[in-house]
Amino acid sequence: MHSYIAEMMTNRVLRFFQQPTGVFHGSVFYQLSGAVGPSCLAIDAAGNVYVGQYDVKESSNEGTVLILSSSGKLKGSIVTTGAEISGLTVK
């Protein structure tokens, strides 16, 4: 099992795992560019990671949600009608 952290101002997503019990290891799972950074994350049943990229409405009229595979490869993106993405959920 992995835990993911959105680091907004460094524009990256971190991934942590525990091995052995009580010892955590982390690394940069995905490095973003542009916008202010990732503001929210959601993971679906298949392990895909959805990353909401936050930007201020004064610099963009659109927002982006990136879809990453469980191995950190970009699978696609969803464009939204607002740049200030602050929460995600997947079914």
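Reader: To begin, does Asn48 count as buried or exposed, and why?
Author: Please note that this is a predicted model. Asn48 counts as buried because its relative accessibility is 11%, and buried means under 20%.

Reader: Where in the chain is Asn48 placed?
Author: Asn48 is in the loop between E4 and E5.

Reader: And which side chain does Asn48 join in a polar contact?
Author: The side chain of Asn48 makes a polar contact of 3.1 Å with the side chain of Lys75. Leaving aside residues up to four places away in sequence, Asn48 also touches residues including Ala42, Ile43 and Leu68.

Reader: You mentioned E4 and E5. What is the order of the strands in their sheet?
Author: The sheet is open, with 4 strands in the order E4-E5-E6-E7 and antiparallel pairing. Its edge strands are E4 (37-43) and E7 (74-80), each of which pairs on one side only. On average, neighbouring strands of this sheet are turned by 25 degrees against each other, direction ignored.

Reader: What holds paired strands together in general?
Author: Strands of a sheet pair through backbone hydrogen bonds, in either a parallel or an antiparallel manner.

Reader: How many bridges are there between E5 and E6?
Author: E5 and E6 pair over 5 bridges, in the antiparallel sense. Val49 stands opposite Leu68 in E6.

Reader: Let us change topic. Which residues make up the largest nonpolar core?
Author: That core has 9 residues: Tyr4, Val13, Phe29, Tyr30, Leu32, Val49, Val51, Leu66 and Leu68. Strands E3 (24-31), E5 (49-54) and E6 (63-68) are the elements that give two or more residues to it. Another core, of 6 residues, lies apart from it, and includes Ala42, Tyr50, Val65 and Ile67.

Reader: What does Val51 touch?
Author: Not counting residues up to four places away in sequence, the contacts of Val51 include Val13, Leu32, Pro38, Cys40, Leu66 and Leu88.

Reader: Now the start of the chain, please. How do E1 and E2 run, and how many bridges join them?
Author: Strand E1 (residues 2-7) and strand E2 (residues 12-18) run antiparallel, joined by 6 bridges. They form a hairpin with 4 residues between them, and Asn11 in the turn has a positive phi of about 60 degrees. Glu7 stands opposite Arg12 in E2.

Reader: What about E2 and E3: how many bridges join them?
Author: E2 and E3 also run antiparallel, with 7 bridges. Arg12 stands opposite Gln31 in E3. This hairpin has 5 residues between its strands, and Gly22 in the turn has a positive phi of about 90 degrees.

Methods. Residues are numbered from 1 along each chain as its sequence is written. This is a predicted model: local features need pLDDT of at least 70, side-chain atom pairs count only at pLDDT 80 or more; totals for chains, interfaces and linings use all residues. Side-chain values use heavy atoms; hydrogens and water are left out. A nonpolar core is a set of buried Ala, Val, Leu, Ile, Met, Phe, Trp, Tyr and Cys residues joined through side-chain atoms within 4.5 Å. Buried means under 20% relative accessible area, exposed over 50%, partly exposed in between (1.4 Å probe, protein chains only). Contact means heavy atoms within 4.5 Å. Two strands pair if DSSP finds at least two bridges between them. Axes are lines fitted to C-alpha atoms, for helices over the stretch in contact, and angles run from 0 to 180 degrees between N-to-C directions. A polar contact is a pair of N or O atoms within 3.5 Å; within protein, one must be able to donate a hydrogen and the other to accept it, and residues adjacent in sequence count only if both atoms are side-chain atoms.
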